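Here's a quick tour for anyone opening this one up for the first time. Have a look around, and then we'll walk through a few spots together.

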Amino acid sequence: MTHRFSRRAKASVAALGAALLIPTVAAATPAAAATPAVSCTSGKAGLAAKLTKDITAALANRKSTVAIGLYDRSTKTTCTLRGTTAYDSASTVKVTVLATLLWDAKKHNRYLTSTETSLTTAMITKSDNDATSKLWKQLGLTKIKGFLAAAKMTKTVPGSGGYWGLTQENVADEQKLLQLVTAKNSVLSDNSRAYIQKLMGKVVSDQRWGTPAGAPSTVSVHVKNGWLQRSTHGWRVHSLGTFNGAGHDYMMSVLTQDNSTMDYGVTTIQNVAKAIHKDLVPTTAKTALYVPTGKPSEAFVATPAQ
């Protein structure tokens with residue numbers, strides 16, 4: 001049987017088809033998301049605007065996807081960029097591992113054992129992966145999650161399957177961690193905080209890069225870095241640093257990904273760090289500045305096959 005359509009029926013079908021197609025086409029071309037901007041506040045007049053301008057300039061034409069957290073207690077200054085964006089932690093999670101161990105030891109009113117002291121020293125000063133894996137296994141996810149809750153690091157997710165380098169972290173939580181490390185609180189004892197800072201102040205020379213770049217010699221420097229490469233988002237290159245002296249007490253977290261090479265990420269971080277140190281701590285022509293190693297290295301953490 002042959003179906004026949006009147007001209008009016010054919011016109012109605014065509015109109016219906018066009019109506020159905022219109023929203024489909026519109027949905028396929030959403031507006032591009034705006035690139036997030038650096039946001040700073042400060043108790044010191046003019047400082048927030050200067051930091052915003054100089055950090056933005058330091059990131060100009062860089063292809064890395066960068067997250068920044070800055071807090072200076074002395075001037076009540078904060079800066080943030082992509083504060084809640086999650087990044088694979090790489091070796092920066094080792095500070096969290098150390099803090100968890102010390103938090104748990106405090107709960108049980110005990111000192112670290114000689115073995116734990118050796119493992120933690122290797123983990124932070126040399127970024128030793130085997131030492132980290134032993135401590136991660138010893139602690140277990142329950143204790144690690146317990147510390148994260150106590151520290152209010154609510155968006156940090158420990159890596160599963162023993163892959164601690166794939167812990168998901170963001171600069172907002174890393175800044176909470178660094179604040180606990182650098183000021184009296186109920187989560188970490190004074191001795192624990194001093195121990196963490198001591199180890200972060202003694203990292204081996206080829207791992208002294210990143211956030212300390214450009215720091216004036218008048219401040220003490222404590223750092224922990226990390227990097228890893230994956231098939232998506234290229235190189236992750238990160239740096240956590242705390243700085244004290246010259247009337248300032250500040251901490252900085254810079255997380256990056258989408259770097260074409262490890263060196264590219266290091267340069268991006270150091271451009272940002274130099275701008276921040278220069279603006280926060282005024283110097284004279286005679287003030288020596290921290291010069292990072294010219295041959296940066298870091299332990300390359302294990303990840304699952306992709």
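Let's start with lysine 274, which sits in helix 8, the stretch from residue 262 to 280. Bear in mind that everything here comes from a predicted model. Is lysine 274 buried or exposed, or something in between? Its relative accessibility is 43%, so lysine 274 counts as partly exposed. Leaving aside residues up to four places away in sequence, lysine 274 touches Ala213 and Gly214. Proline 216 is 58 residues away from lysine 274 along the chain, yet the C-alpha atoms of the two are separated by 9.7 Å.

Helix 8 also holds aspartate 279. With a relative accessibility of 5%, aspartate 279 counts as buried. And what does aspartate 279 touch, again not counting residues up to four places away in sequence? The list is Leu47, Lys50, Leu51 and Asp54.

Time to step back for the overall picture. The protein chain has 8 helices and 8 strands. Of its 306 residues, 49% are buried. Take the contacts between residues at least 6 apart in sequence: 71% of them join residues at least 24 apart.

Next up, the cysteines. A disulfide is a covalent bond between the sulfur atoms of two cysteines. How many disulfides does a search of the whole structure find? It finds 1. The partners are cysteine 40 and cysteine 79, and their sulfur atoms lie 2.1 Å apart. The link between cysteine 40 and cysteine 79 is right-handed, with 115 degrees about the S-S bond. Cysteine 40 belongs to strand 1 (residues 39-41) and cysteine 79 to strand 3 (residues 77-81), so the pair ties together parts that are 39 residues apart in sequence. Cysteine 40 and cysteine 79 are both buried.

| Helix pair | Angle | Distance between axes |
|---|---|---|
| Helix 3 and helix 4 | about 160 degrees | 10 Å |
| Helix 4 and helix 5 | about 125 degrees | 8 Å |

Begin with helix 3 and helix 4, which pack at about 160 degrees. Anything over 145 degrees counts as roughly antiparallel, and that angle makes helix 3 roughly antiparallel to helix 4. The crossing of helix 3 and helix 4 is left-handed. On the helix 3 side, the residues that meet helix 4 are Lys94, Val95, Val97, Leu98 and Leu101, while helix 4 brings Glu116, Thr120, Met123 and Ile124. Sorted by class, the residues of this contact of helix 3 with helix 4 come out as 6 nonpolar, 1 polar and 2 charged.

Then there's helix 5, covering residues 129-150, which packs against helix 4 at about 125 degrees. That makes helix 4 oblique to helix 5. The crossing of helix 4 and helix 5 is left-handed. Which residues make the contact between helix 4 and helix 5? From helix 4 they are Glu116, Leu119, Thr120, Ala122 and Met123, and from helix 5 they are Ala131, Thr132, Lys134, Leu135 and Gln138. By class, the contact of helix 4 with helix 5 has 5 nonpolar, 3 polar and 2 charged residues.

The buried residues of helix 7 (residues 190-200) are Ser192, Arg193, Tyr195, Ile196, Gln197, Leu199 and Met200. What covers them includes helix 3 (93-107), helix 4 (114-125) and helix 6 (171-182), along with strand 6 (220-229) and strand 7 (235-245).

Alanine 246 is not a glycine, but it has a positive phi of about 55 degrees. You'll find alanine 246 in the loop between strand 7 and strand 8 (248-259). Its relative accessible area is 44%, so alanine 246 is partly exposed. Aspartate 258 is another residue other than glycine with a positive phi, here near 65 degrees. Where is aspartate 258 found? It is in strand 8. At 28% relative accessibility, aspartate 258 counts as partly exposed.

Technical notes: Residues are numbered from 1 along each chain as its sequence is written. This is a predicted model: local features need pLDDT of at least 70, side-chain atom pairs count only at pLDDT 80 or more; totals for chains, interfaces and linings use all residues. Side-chain values use heavy atoms; hydrogens and water are left out. Buried means under 20% relative accessible area, exposed over 50%, partly exposed in between (1.4 Å probe, protein chains only). Helices (H or I, at least four residues) and strands (E, at least two) are DSSP runs, numbered from the N terminus. Contact means heavy atoms within 4.5 Å. A disulfide is a pair of cysteine sulfur atoms within 2.5 Å. Axes are lines fitted to C-alpha atoms, for helices over the stretch in contact, and angles run from 0 to 180 degrees between N-to-C directions. Angles under 35 degrees count as roughly parallel, over 145 as roughly antiparallel, 65 to 115 as roughly perpendicular and the rest as oblique. A crossing is left-handed if the near helix is turned anticlockwise from the far one by less than a right angle, and right-handed if clockwise. Ala, Val, Leu, Ile, Met, Phe, Trp, Tyr, Cys and Pro count as nonpolar, Asp, Glu, Lys and Arg as charged, and the others, Gly among them, as polar.
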